[in-house]
Amino acid sequence: QQRTAKKALSNINKVLNATAQKNDAQSERSKRLAKELEDFVERGMKGVIATERGEEGAPSIEAATELQIQIARMFRQIFPGNRELLYLVSDKNWMALLLGWMNQYDRPTVQVEAMLSLIT
């Protein structure tokens, strides 16, 4: 009985150690994804904002629209499988960003992508 108990305890410890290692790996993956997502959105939004302000050298309206679509699609692809990154939506105020994009009546594709990002 002692051997059985020791073996069971050993198996439990192995499972706990494997779970801890898996959580550490997921945490590192989440941090990396969060950084990549932040950088992607920041770069894209610089172009979109420059276009909206009419700055010299800014992307065209079509290019800015494509940037918005790419950002919304990125949200839609990343967040369903990585719920631990949803804190970024709040921290970076991305919900308001997407809601604002739904008011862009001259850019229906942006509206649809923003809506899909919000409901996915």
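Analyst: Let's begin with Arg 73 and Glu 113, whose side chains meet in a salt bridge (3.0 Å, N to O). A salt bridge here is a side-chain nitrogen of Lys or Arg within 4 Å of a carboxyl oxygen of Asp or Glu. This is a predicted model, where local features need pLDDT of at least 70 and side-chain atom pairs count only at pLDDT 80 or more, while totals for chains, interfaces and linings use all residues. Residues are numbered from 1 along each chain as its sequence is written, and side-chain values use heavy atoms, with hydrogens and water left out.

User: Where do Arg 73 and Glu 113 lie?

Analyst: Arg 73 is in helix α2 (residues 61-78) and Glu 113 is in helix α5 (residues 108-119), so the pair ties together parts 40 residues apart in sequence. Helices are DSSP runs of H or I with at least four residues, numbered from the N terminus.

User: Is Glu 113 buried or exposed?

Analyst: Glu 113 counts as buried because its relative accessibility is 6%. Arg 73, at 34%, counts as partly exposed. The cut-offs are under 20% relative accessible area for buried, over 50% for exposed, and partly exposed in between (1.4 Å probe, protein chains only).

User: Which residues are linked in a network with Arg 73?

Analyst: Salt bridges link Arg 73, Arg 76 and Glu 113 in a network.

User: OK, how many salt bridges does a search of the whole structure find?

Analyst: It finds eight salt bridges. One of them joins Arg 32 to Glu 36, with the closest N and O atoms 4.0 Å apart. Both residues lie in helix α1 (residues 2-53), four residues apart, or about one turn of the helix. Arg 32 is partly exposed at 48% relative accessibility, and Glu 36 is partly exposed at 45%.

User: And what about Glu 42 and Lys 46?

Analyst: Their side chains meet in a salt bridge too, at 3.9 Å from N to O. Glu 42 and Lys 46 are four residues apart in helix α1, so about one helical turn separates them. Glu 42 is partly exposed at 47% relative accessibility, whereas Lys 46 is exposed, with a relative accessible area of 57%.

User: Switching topic: how many aromatic pairs are there?

Analyst: The structure has two aromatic pairs. Rings of Phe, Tyr and Trp (its six-membered ring) pair if their centres lie within 6.5 Å; planes under 30 degrees apart count as stacked, over 60 as edge-to-face and the rest as tilted.

User: Which residues form the aromatic cluster?

Analyst: Phe 75, Phe 79 and Trp 94 form one aromatic cluster.

Methods. Helix = DSSP H or I, 4+ residues; strand = E, 2+ residues; numbered from the N terminus.
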